[in-house]
Amino acid sequence: MIWGMNGIGAAWRGLVHLAYPRLCAGCQQPLNTREEVLCLFCFQDLPLFPSHDDTRNEVVLRLAGRIPFAHASAYGLFTQDGLLQHLLHQLKYRGRKEVGRFLGKQAGLSLHRSAWAGDIDGIVPVPLHGKKEAWRGFNQSLELARGMAEVLQVPVLDRLLLRTRHTESQTSKSREEREANVRNAFELTKGTMLATKHILLLDDVLTTGATLEAAALPILSAGSVRLSIFPIGLAMG
Ligand SMILES: [Zn+2]
């Protein structure tokens, strides 16, 4: 019997699967060979935004009047103990970068169906402060952006924005406290040229919007740039 490379690859994957079954990041059941990160059942359970063309969606309403943006939407709803929270937790605190790439890719596929995705020139992931990134080992938003950029075929502009202030955790803060906490925390890298570009600013979760707002301001100050906002999860509750 002559095996082509694909046959060997499939056999090898089969053996690896026996030794270390790949499990669904949602329900922990074994994945079949066509499934990646999530099984089909869990994937169906993700509470996703049905469209990114709704100009009165919850992300738009939450940011309205605070910063000028071209478009705003989110991949899905981030609820307490929900599947998206669980997946982002695996990415951030368990270092499962493949979960981030997967979510970024799926978000890219979902955004690709919108009327405005083809107009995006680049994706800017909200940066972490250098100290925090060194501690975590990576920036979760960059992993998400890489997955999304692969689908949308645009560059990830991860050196454009700098987080110059180390801020405390936002988790237990009110909207006013969050805004004060992240104000002036970001700036553009020297020499950045952005005129006439359409930038998609990407973050893992939007709660009050304070972080995205603070990250958006230096980009908007770069001139005639257009900015759209896209968190993977919109926090509800
Ligand atoms: Zn599952």
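Reader: Is Phe-102 buried or exposed, and what number do I look at?

Author: Look at relative accessibility: anything under 20% is called buried. In this predicted model, Phe-102 comes out at 5%, so Phe-102 counts as buried.

Reader: And which class does Phe-43 fall into?

Author: Phe-43 has 24% relative accessibility, so Phe-43 counts as partly exposed.

Reader: How do I read a pair of aromatic rings?

Author: A ring pair is described by how far apart the centres lie and by the angle of the planes. This structure has one aromatic pair. The rings of Phe-43 and Phe-102 have centres 6.2 Å apart and planes at 70°, and an angle over 60 degrees counts as edge-to-face, so that's the label here.

Reader: Which parts of the chain does the pair link?

Author: Distant ones: Phe-43 sits in helix α2 (residues 40-45) and Phe-102 in helix α5 (residues 97-112), with the two residues 59 apart in the chain.

Reader: OK, on to helices. How do I describe two that pack together?

Author: You give the angle between the axes and the distance between them. Take α5 again, with helix α7 (residues 140-152): their axes come within 6 Å and cross at roughly 40°. That angle makes α5 oblique to α7. The crossing of α5 past α7 is right-handed.

Reader: Which residues make that contact?

Author: On the α5 side they include Gly-100, Leu-103, Gly-104 and Ala-107, and on the α7 side they include Leu-144, Gly-147, Met-148 and Val-151. By class, the contact of α5 with α7 has eight nonpolar, five polar and six charged residues.

Reader: What do the numbers say for α8 and α9?

Author: Helix α8 (residues 175-182) and helix α9 (residues 210-220) have axes that come within 9 Å and cross at roughly 30°. Here too, α8 passes α9 in a right-handed crossing. From α8 you get Arg-178, Glu-179 and Val-182, which meet Ala-210, Thr-211, Glu-213 and Ala-214 of α9. That contact divides into three nonpolar, one polar and three charged residues.

Reader: What does Gln-85 touch, leaving aside neighbours within four places in sequence?

Author: Phe-78, Thr-79 and Gln-80 are in contact with Gln-85. Check Ala-235 as well: Gln-85 and Ala-235 are 150 residues apart in sequence, yet 9.0 Å apart in space, C-alpha to C-alpha.

Definitions and conventions
Residues are numbered from 1 along each chain as its sequence is written. This is a predicted model: local features need pLDDT of at least 70, side-chain atom pairs count only at pLDDT 80 or more; totals for chains, interfaces and linings use all residues. Side-chain values use heavy atoms; hydrogens and water are left out. Rings of Phe, Tyr and Trp (its six-membered ring) pair if their centres lie within 6.5 Å; planes under 30 degrees apart count as stacked, over 60 as edge-to-face and the rest as tilted. Helices (H or I, at least four residues) and strands (E, at least two) are DSSP runs, numbered from the N terminus. Buried means under 20% relative accessible area, exposed over 50%, partly exposed in between (1.4 Å probe, protein chains only). Axes are lines fitted to C-alpha atoms, for helices over the stretch in contact, and angles run from 0 to 180 degrees between N-to-C directions. A crossing is left-handed if the near helix is turned anticlockwise from the far one by less than a right angle, and right-handed if clockwise. Contact means heavy atoms within 4.5 Å. Ala, Val, Leu, Ile, Met, Phe, Trp, Tyr, Cys and Pro count as nonpolar, Asp, Glu, Lys and Arg as charged, and the others, Gly among them, as polar. Angles under 35 degrees count as roughly parallel, over 145 as roughly antiparallel, 65 to 115 as roughly perpendicular and the rest as oblique.
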